[in-house]
Every structure is written in structure tokens, then in C-alpha cells.
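Here is a short report on selected features of one model. The sequence and coordinates come first.

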Amino acid sequence: MFTIEINGKSVEANDGQMVIDAADAAGIYIPRFCYHKKLSVAANCRMCLVEVEKMGKPVPACATPAVSGMKVFTQSQKALDAQKAVMEFLLINHPLDCPICDQGGECELQDLALCYGEDVGRYTEGKRAVADEDIGPLVATEMTRCIHCTRCVRFGTEIAGFRELGMTGRGEKSRIGTYVKHFMQSEVSGNIIDLCPVGALTSKPYRFTARAWEMSQHRSIAPHDCLGSNIYVHTRGYEYSDFREVMRVIPRENESINETWLSDRDRFSYEGLHKDHRLTGPMIRKEGKWLQVDWPTALNFAANKLRDIINSKKPDQLAAIASPSSTLEELYLLQKIVRDLGSNNIDHRLHQSDFSQQENAPLFPGMSTELASIDSMDAILLVGSDIRREQPLAGLRVRKACLNGATIMRIGSIDHDVNFKLSENVHTTPSTLVESLQAVVDSLTSDANKSSIAKHLKNSEKSLIILGDEAQSHSQATLVRALCLEIAKLSNAKIAIMTLGANSAGAWIAGAVPHRKAAGENSSAVGLNAQTMFSQPRAAYILLNVEPEHDLIHSSTAIAALMAADFVMSLSPYMSPVHADLADVLLPIAPFTETDGTFVNVEGKWQSFNAVSPPYGEVRPGWKVLRVFGNLLELNGYDYICASEVRNELEKLLQHSNVPTDRTSLEKNTSNKPKGFEILYEWPAVCVDNVSRRANALQSILMPLQRTVSISSETAKDLGIQSEQLITLKQSDREITVPARIDARIPNTCVLVPKGVSLTSGFGDGFAEITVQRGESHA
Amino acid sequence: MKRLIKTVKSFTLWELFQGLFVTGRAFFGKKITIQYPEEETPISPRFRGMLALRRYPNGEERCIACKLCEAVCPAAAITIESEEREDGSRRTTKYEIDAFKCINCGFCEEACPVDSIVLTPEMHYHIENRGDNILTKEKLLAIGDLYEERLAADRAADEKYR
Ligand code: SF4
Ligand code: SF4
Ligand code: SF4
Ligand code: FES
């Protein structure tokens, strides 16, 4: 630490720190385009030229290390002249089409041209123009505007690990583009929109719809993965007016979670909130017809029905299933209603089929360390995790750790492509996943270090085991988890269970599990879980943000049970065709932008957010609907005035909770290798919940592999089919005929069924036996 | 001294005669009678009357939905919705001016980068029905088409002062 002088003010600087950093820390602004604090220094725009005493020429502040006693002048005549000259050069080839540019009003070039540009240009020769490339449905290009700062290129190579964008040509001929014409396949490509200082890269779904100055900015939390990325939601329209609409979502800096980035799913999912997809008001089904009714009618109808069923049958004829992307408040109130009515049948573990030892689980599944510490791990073992798509920003951190020298290893059944170097890649089948983990445990306990994964974990000071969706939805998930805990214990590693949805942790805390009440208090009777509540059909069901045909791993059993039930009530912003078939009441509740709520992320961080726009039409926030519903059922203690009261009540309960840490213990490995085919489920990143499934631009980036059922080339040979021919899948008396695709990621004798896409809507019954045949049309 | 002059002036009705002098000048001068509404006095090319949207000579609408006029309008009279047209250009889907709100200040014309929104010299218009005060994009373009020659001439005449 030493001091330098900037504009006569003494400023602290560290060794190796660049002048621009020191200036930023002291609040002295130096103009810049190519410099970005998260990217490497390129020093190619020269906008940051400053004068330094005893240096002949102006120097770029972003590439000049601070030296003790240095005297820097950012506003001297020499510096200003240099900056103005650079600006004049930059504007030579810029089209100056601000009026039709989406960046207009929030453009770094526009702002700096106002400070450093001349009002009249001296350049009268022809300007350069660059053809635009179509790089996909998310990012619009207007390459004539590019000023070649290479931020986008550096983001691709350094942070996201895609080398698709690059600069070709020199001098006036240089241009940014994909070398070969193709669409960008990245889960974080949207960040180049924020990075681009001009309007060369802009958002395609947002294109030309609004102006920066029309928008109000609101803080919120991203609702699609367990990280709880911080976001700003931009809305247009007067406050409290019904016309206020969400226009776009951009990242809000939070160094400990999302840094300055945001995944494409979180950025573009707002399209799913659009009015076209939504329910406008409550609906009830009368004699097979859907009627739009007012809230009192709908709620009374539902309350009477529920009361009748509970009085005529037993209270345990009621079951509720909730999406883990619901807010803490909604989940807490839902479980409270279900429990007050005398039932314990509530669950949120939509992808799970092994519920053994659930009583040994900690207060909530999560990580035993912080997200930011992933960066500095020495070894990371991914178990059944496609971290790159499941939690894209955690994936970026794993990549960062890899670049810092960490060893990244993976055990899993799908050979997902990754953007970091995999030192070990054990490609298993679902049934051999357990064996592979057992082998790691064995070599950790015996001295003979046979497994190199064990060796890496043991020899690393800081190591982490990450369990992904496959590990949690595995048919022996408890065993997988116990083995991972064992490995962690033996190698002194941390463990991270990357849960489903934005609020799985919150769902556990709120008590949306059959064996524990709110705040982890043990429930005297254990209710039915997400599987058994459908395999032992109930008379009445409540669905919270769940679309049974897509969200559940046991879709087909669930739909059968729901169809047979006397009464089904669905709380969701949307009506899916399956809802229309099986529900009796549809209560439209507000999605995350229209309700107050809280998400608890995988680290256990509680993050609350407020509604940013009024609920659409007759839609009401979920917690309010449940509160009124509780009152209509004549239950006590539903007099909350605001969402934070619900949260406070839960927080108070939590003070007395003492759930021990994870005690999941190893039970005997009862290998149950199924005969025939093994089934693998995958929820493509953009199909994880009801909002993202309706975001059009996101849906259009679904890869061809996710629009078909995947099989390995050996399987295809055995069946005698070629790629994209039809196969018939049969599982517990449901049968679908779908196109298959040969997929190198899939082990032999496995079939990968994508969920959440219309292709397999309603198909899937956990790990029940599946048969795979050639499709009929080829027979 | 001042007070003396003031007293003399008020006793001689000086100010009254001063005023009557103006009256007398008009009384004996040449009479001008404009047979309004059959006749009208000439108006400046900068006259700010009813609003209109102009087109290019090839028939393409000028407006590019930049929303600068909406932003600058002090009366918040302009409402614009925009989207990408099929050919990829930026266009308005809705362009409305509330004639009741508009104060004919001309700021929108100043702001427009493509001379699309303009104030015509037309001042004879009235609104009979509620709702007619909303000048839609179609109406504004139609007014523009009607006055295009005059608008172009006025702008050409004023060119050197712009
Ligand atoms: S496209 Fe944007 S971010 Fe990329 S080099 Fe050009 S100006 Fe920079
Ligand atoms: S003339 Fe003035 S008040 Fe009328 S629309 Fe234009 S800017 Fe608004
Ligand atoms: S009328 Fe002119 S200023 Fe208004 S949106 Fe159209 S182009 Fe922009
Ligand atoms: S910011 Fe320093 S050269 Fe670009």
C-alpha cells in the first residue's frame, strides 16, 4: 500500500494495481471503453489516456500500474486533448444512429461523446459499414456500431468459455463476429449485451420496444435457480397503473452471488410473464365448463368443497404439492393450511423418488460453504451435475476455479459438455453411479489409493463435492448422498447440494415437507411425499405453481391420481391444457414480479423482494390468496397484513429450531440394476418452471437434443433405427412415440427423456420399468 | 422639480392626449378590414398550429420511433409504442397526440431527428366528440399528406435560420 497523487489528491494504491482502479476507488472518474473490472486489460480503446508527470506522452490509465509517488492528471489540457482526439477517431466510423439504437440513453459512447466529442465532425469521407450476423434469438447485432473494445470477446474466452466471438481483420477492416456463421450456444451469452459499451450487441426480445428513460428500476431476485442471483427488473408505465409492464431484466451486482453476471434464463425468462400466457381471473369448473368468476365465489367454492371432503372422509385425503420456486411466504401458508386441516401430505420435491432417511436431513439441503468460495477450491467433484446449465453462474465459478488451477472431476450418467477442463470424467449409468462413488469411498478408506478422484480430493487442501439434479433425482438418491457425505468426511471436503428451483431451502424451512413442520420441527405423523401422495390417490389436491405434466418425475401416476380425485385446486399464474382437464378451481396467483416474497438460496441467505408491477387483471399475490383461504376455512391465525409478517412469524419459529446437520447414513448398497433400459430424466435449462417454459426466445434456443428422446448409438443399432426416427417408449401403461436422436452423451442401454417439453408432456413415472421399441411407423 | 412636472402633466391631461393621439392616428389613417373567415392575414412559416406526421417523397413514413418527442413534450401529450417492423426497421405501432393536452410549443418538432412530427400552419379545427381529441397515427399522417407541399415550403423558407 502506497500513495499516488491523482489531480492533486493523494490516493491509496496497491502493488500492481492499475491507475484506473486506484482512481475508481477514490471516486475519480476516468473515461473508458475497453476496461472492465472483471475482464483482463486489453488497453485497445485508448479512451483512458491520462497525463503522468515525467512521462512524455499520455498513458492509458487502465494499463499503467500505479507506482509510489506517481503524479497523475486526468483533467489536464494534455489529457483532455488526448481524450478528445481518441473520441474523434472513434466517431469517424460510428454510424451516429442513436435515434434508432436501443442503447440510446444508456450508452457509454453517447455519454462520453457529450463530454469529449466535438459538435461538428471534420470527417467527410465515406464511413465503413459492417454486415450484421445473426448470432441467435437472444442477442441482436448491429456491428457497424462496434468500437472494437473486445469486451465481448474477452468475456467469451475468459469468463464464459466460449470462443465463438472473435475479431478478424486489421485496421479499418477489423470486425467482431462468429468466425463461422452459427448461433451462440452459451448459457450466459446475454452478458455481452451489458458489456458492450455501445449498441452493437443488444437484447433481441427487448429490441425496439422501450427507451432507457421510460423505465423504472426495481430490485428483485432471480427465480430460476438456487443461487438467488440479484437482479434489477425494469418496468414501464406509471406506478399503480395497470399498464405497468416488465420490459427487461438486468443483473444487480452482488459479489458474493452473481458478481456482475446473469444467466440467460434469469435474464430472458420475463417473457413468460407476458399477458398472453396468463390467467386473468379465478375460474371454476361447472358441469365440465370453465367459468370466469370473482374471487369470493371461487374461494368459497373451493373452501366448501375442501371442507366437505375433509368432513366426509379423513383429513389425510388432502394432499398439496408445491413448486420449489414458490416464495417462502406462499409455502409457509400452504403448509400451515394443510396441517391445520389435519393433513401432513405436503411436498415440494418434484424430481425426487427416493425419500428414505428424510428425517436425517439437515434443516435444509444446501452448501456447507459459501458460493464465492467455489472460486478458490483446489478440487471439485461434480456428482450427477450439469452445473453449467442447472446453475449457470455457479458453473462460471467452477470454471474460474479451474482456471485458478483446481482439478475438476465428474461422476455422472450424462456426459454433458463443459466449459472447463475435466481432469477425471467417470461416465456411469444410473445404476453404476453408486458403484463409482463406492469405489471412491473404498479407496479413501483403504490406503491403496486406487481411484485418482480419491487421490485428488485427499491431496487438496480445499475441496468441494457438488451434487446436481441427477444425484438428487436418482432412484437411490439417499445412498448417493450418503456416499458423497462419506467422501466429504474422509477427504475433508465441503459439500454443496445444488437444489432445484429458487427456493428449495425455503421450502424445507417453511415446512413444505411431509415429515417436518415449519422451522424443522418434527411432525408427529409423517405425511405422504411427492411420490406416495399420487401412488396412494387422495380425494383432494392443492397444486401450487406445479404443472404435473412437466414438473413431476412421476407425471403419469400424478395425472392419473389427479384425474380421479374429487377436487383439485391449482394456484398458478397460468392454465396449462392439463390443468384444464383435471382441475376444478384455478386461482391465478402472481408471479415473482407481482408479489412480495422471499427466496432462501442454497447458502441459506434470505433474500426478500417486492412486487414491481401491479398484478395483472384479477390476479392476486399467492400469500394473500392463501391468507384469505385460511380465513374462509375458519382456521385461526391468518390475519397477516403484509408478506413480511408471514416471514417474521417463520423467523421467530426458527429461533427455537435445532435441527442437527446432515445425518444421512450409509445403508447397505442394495444394487437394483433394472432389467432392460434405464431411464434418465433431464429438465433442459429453459424448461425448469412454469415461467421459463413460456419465455419464447428462451424456448427457441432449446437444442435439437432436447426436443427429442436421446439414445446411444449402440441402442440405435440394436433397435435398427437411425437418428430422428421414431421410437416407442412404454412405462406403466403409458406409451409415447417420439423421434429419437443418437446422442453421444448417453450410456448404452439408457434412454434420456427430456422433461418440461411438450414432446414428453405427461410421460414419465420415475424409475418404473421402461421398454423401448422401434416406433410404429417403421414397423 | 419632478413633483412639479408631474403636477403640471396631470393638470393639463397630458397622458390622456397622448393616448388620444394613437386613436386619432388610426381614425384618420387607411382602413384595413379583413373579411374573416373569407380572408385571412398572412402567417409566418414558423406558425405553430395543428400537428402532423410527414412522409418521405417515396411514401415511407419518416418516424423511426426514437421517442425523443415523447420525452421532450412538456405536456406529456405524446404516447408511443414501438416494435421491430418485418423488414427490421424501428417503427411505431401507436403514435398518439392528445390535442387537449398539447400546448403547441413545438418542442417535439425541435427534437425530431427526421423532421417527422411537425406543426402545420392549420389552426382551424375543432373537436366535436369526446375521443376525437386523440390524434392517432393514421390521422396525423393524413394531415401530413394533406399539407405536405406547404410544410416542405415552410421548412425550406426557414432553412437558413435553423
Ligand atoms: S461488439 Fe460491443 S463489446 Fe464487442 S467489441 Fe464491439 S463494441 Fe466492444
Ligand atoms: S407541440 Fe409541445 S405540447 Fe404539443 S405535442 Fe409537441 S411538444 Fe408536446
Ligand atoms: S416523431 Fe420524430 S422524434 Fe418523435 S418518435 Fe418519431 S422520429 Fe422520434
Ligand atoms: S479503457 Fe484503457 S485503453 Fe480502453
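## Sheet

The model is predicted. Val52(A) has Val72(A) of S5(A) as its bridge partner. The strands behind this pair are S3 (residues 49-52) and S5 (residues 71-73) of chain A. They run antiparallel and share two bridges. Strands of a sheet pair through backbone hydrogen bonds, in either the parallel or the antiparallel sense.

S3 and S5 belong to an open sheet of five strands in chain A. The order is S2-S1-S5-S3-S4, and the pairing is mixed. Strand S2 (9-13) and strand S4 (59-60) of chain A form the edges, each pairing on one side only. Helix H2 (residues 77-92) of chain A packs on this sheet and touches S3 and S5. The direction of H2 makes about 160 degrees with that of S3(A).

How do H8(A) and H20(A) lie relative to each other? The axes of H8 (residues 328-340) and H20 (residues 622-632), both in chain A, come within 8 Å and cross at roughly 20 degrees. Angles under 35 degrees count as roughly parallel, so H8(A) is roughly parallel to H20(A). The crossing of H8(A) and H20(A) is left-handed.

H8(A) brings Glu329(A), Glu330(A), Leu333(A), Leu334(A) and Ile337(A) to the contact. H20(A) brings Gly622(A), Trp623(A), Leu626(A), Arg627(A), Phe629(A) and Gly630(A). By class, the contact of H8(A) with H20(A) holds six nonpolar, two polar and three charged residues.

## Ligand shell

Around ligand 1 there are 14 residues. Those that come nearest are Cys146(A), Cys149(A), Thr150(A), Cys152(A) and Cys196(A). By class, the shell of ligand 1 has 11 nonpolar residues, two polar and one charged.

Methods. Residues numbered from 1 in each chain as written. Chains lettered and ligands numbered in written order. Predicted model: local features only at pLDDT ≥ 70, side-chain atom pairs only at ≥ 80, totals over all residues. Heavy atoms only, no water. Near = heavy atom within 4 Å. Nonpolar A, V, L, I, M, F, W, Y, C, P; charged D, E, K, R; others polar. Axes fitted to C-alpha atoms, helices over the stretch in contact; angles between N-to-C directions. Helix = DSSP H or I, 4+ residues; strand = E, 2+ residues; numbered from the N terminus. Parallel < 35°, antiparallel > 145°, perpendicular 65-115°, else oblique. Left-handed = near helix turned anticlockwise from the far one by under 90°. Contact = heavy atoms within 4.5 Å. Pairing = 2+ DSSP bridges.
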